[in-house]
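Colleague: Could you take a close look at the place where the two chains meet, and walk me through it in plain terms?

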Amino acid sequence: MSEKTTNKKDQGVRKHTRREVLTKASGAAAATVAAATIPRITYGETKKFKVAIILPSFDQQRWKAADGEYFNRRAEELGMEPLPLISSNSDPILQASQVENMLTQGIDGLALVPVDIDAAVTSVRKCNDASVPVVSENYIIPNVELAGIAARDGVELGRMLGRAASAAAPEGNYVLTNGDIGTDIARLKHQGIMEILQPLVDSGAITIVHDQYMRAWSGELARKQVEQALTANDNNIAAVACSWDGGAYGVIEALRAQGLAGKIPVTGEDAEPQALKLVLAKEMLVTAWTKFDLMGSRAADLLYEKLAGLPSSANSTYNNGWGDVPWDKIDIVNVTVDGTEPDSISVSEFADANPWWVTREELGI
Amino acid sequence: MRFPNLFFISGRIPVAQLRALTLVGVLVGVWIVFQVLTDGLFLSPRNLTTLTIQVAITAILAVGIVMVMVPGHIDLSIGSAVAFTGVFAALLVDPVRGLGFTTDPLLICAITIGLGLLIGMWQGFWVAWMGVPAFIVTLASLLALRGAALTITGGSTVTHNGLLTFLAADFISASWTAIAMAVVVSGYSITKYFDWRARSRIADPDRPLSFFAAAGFPVLLMGLLAIAVTGIAFSYRGTPVSIAILGAVIAIVTFLMSRTVFGRRLYAIGGNPSAAIYAGINSKLNVFVAFTLMGSLYAMAGLVLDGRVGVAVPNAGIALELAVIASAVIGGTSLFGGIGTPLGAVIGALLLESLNNGMGLMNIDTNYQMIANGLVLLVAVYLDKRGRASGR
């Protein structure tokens, strides 16, 4: 616990360094550059825009430490007045009433991470009726007017994992370990992985022997799937394209039990410290990372641009069924052991760029 | 129903025994179907070993919940309690997110089991002495312990640096398995022999108790099981540690439930709570003890789960309680109390896990596995209800 406080202190000191390193680390950080060019006007003596971000839960480290923290930080930099972070405890009904309460408090703009994208539509309509613009963060809320979208491209994320896996194992039997089928992102990642793998399946280079979704993103179920896949194929597996770190832990334990850890490439996403350790130990091939801190600060940027009547700095647009919405696609990067593959950085580069997430000491490097 | 006196005590099949045999029959049927569908993979020593490791967590908890359900209570807190004890164990190790307190696996296990006992006592206290329905007490824990697990970890994964992996990955050698099985079978035979002696003394002289039915047949079954376990151990890698733990839990809880005053009282409380009180049974104390013992099993399951996944995840075990309750009910435990055996619950768990394992080998979508589990639960409870209505 004491480590956390130290981290907080470090953040203040290294704030600017971190951004510089981040820009350096990934060549294509156009969004970051764009963010830096926005004039930091404050409204001076006039009214400050009161804004808030509603997070779906605090279940994952990212929500509070990255998305929420960096939204509020950027909002302050832009001269807005952010409200304290709140979480909807993964409950769409609670989230709906939280939005109503926000409107009662008289906010000027809202960044919403929907618990359920369809359930959030009604809440966004209420905001629009009250002339409060809404930025959809992390997910895309459909069929309703939005001021902007700050989200990763889930399909692209899948493609990145698919590319990494197929480069490491160009032929053989593949196991696909997917997240909870009830979540949009699990299906999008699967779609992206398949976009890369399908041509290889068609050419006969690879065979997908197992392809399953794990309810509640359970690592234990992922382990069971791979145990079954290994038994059914007499350990003849070339790669496990797993789409999240929590699943990869179970997968790797199943491989260890057969003495195969490190011999079969395994992918993951989230760059959790434990996953980074497994990457260093070469038991895991890659863990993909979305710049969640950037996602939070870009949500604040998009909201500010809408409120201040400035042109949007988003790097693309998306038709969500209502119309074209500015979409800032948040960069994704693969973290690998030495970072030599395309679109990838090494674990140490990653740790240096994201000290608020993990430190070199924690990883023992 | 009258049968030759060769097999069954007093010529009439005891309902519990009949039900257990039916369930074993269904299990064997499922196994044969999968054996055919998977071209002989399902019953290979390797897959049987994997299957038993996979069922260990649910089965340990299913044994425990019998102690809670027999006196007429329920436990909804299982998934959250397992996740909480699991992350607690890892926090003892993790130097960054946790305490970095110890690296002795046995000490970690002991402390975690202590925590499990405390959780059990807390729930037992509210159910037994404060009179809050177990449904509510454990529902409160389901929420609170999940929240606590997320709070103490900050929502992130915690590592135990592989210290607990031995619980899921290590094996006890085949020779030790053979020795342990020999001890188990001899112990079982001796108790069954004394059982037969004691019961023949009070049996109706016109309908003498068959030695084969009372002692020989159960010992034969146990012997066959022991041979199977030893055979699998010799042809694959030995006995998994998690299965040794499960075996010990089954043995201890079965002993408590069937051979001690404590167990008899739990059945009495569940069978007729008022009669139990008038008979002078301290139901509050017995229920409290049952919940407390269940608490230690949360910890054991949490530790094995940590070993299985290699890390501790605060979101682990979601809806695990439902699989555990389903296993116990399929295994013949009544939701209204008074009826149920630990072994039945284990067989129930094995049936559900066999469906998942077999369908997994065939790469059938996990969604269909859930549908199959649901249907099996429904049919099992219907057959159980019908069986009991006609049996009495």
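**Where chain A meets chain B**

Modeller: Happy to! Between chain A and chain B there are 3 salt bridges, a salt bridge being a side-chain nitrogen of Lys or Arg within 4 Å of a carboxyl oxygen of Asp or Glu. A:K224 forms a salt bridge with B:E353, their closest N and O atoms being 3.1 Å apart.

Before going on, please keep in mind that this is a predicted model, where local features need pLDDT of at least 70, side-chain atom pairs count only at pLDDT 80 or more, and totals for chains, interfaces and linings use all residues. Residues are numbered from 1 along each chain as its sequence is written, chains are lettered from A and ligands numbered from 1 in the order in which they are written, and side-chain values use heavy atoms, with hydrogens and water left out.

Polar contacts join 20 residue pairs between chain A and chain B, both residues at pLDDT 80 or more. (A polar contact is a pair of N or O atoms within 3.5 Å; within protein, one must be able to donate a hydrogen and the other to accept it, and residues adjacent in sequence count only if both atoms are side-chain atoms.) On the side of chain A that touches chain B, two or more residues each come from α1 (2–25), β8 (206–213), α8, α9 and α10 (273–280) of chain A. Helices (H or I, at least four residues) and strands (E, at least two) are DSSP runs, numbered from the N terminus. The largest share of that side, 9 residues, comes from α8(A). By class, the side has 12 nonpolar, 12 polar and 14 charged residues; Ala, Val, Leu, Ile, Met, Phe, Trp, Tyr, Cys and Pro count as nonpolar, Asp, Glu, Lys and Arg as charged, and the others, Gly among them, as polar.

In total, 38 residues of chain A are in contact (heavy atoms within 4.5 Å) with 42 residues of chain B. About 3,200 Å² is buried between chain A and chain B, with carbon and sulfur atoms giving 44%. Buried area is the accessible area (1.4 Å probe) that two parts lose on being put together, summed over both. Of the area that chain A buries against chain B, A:D59, A:Q228 and A:T231 supply 18%, more than any other three residues.
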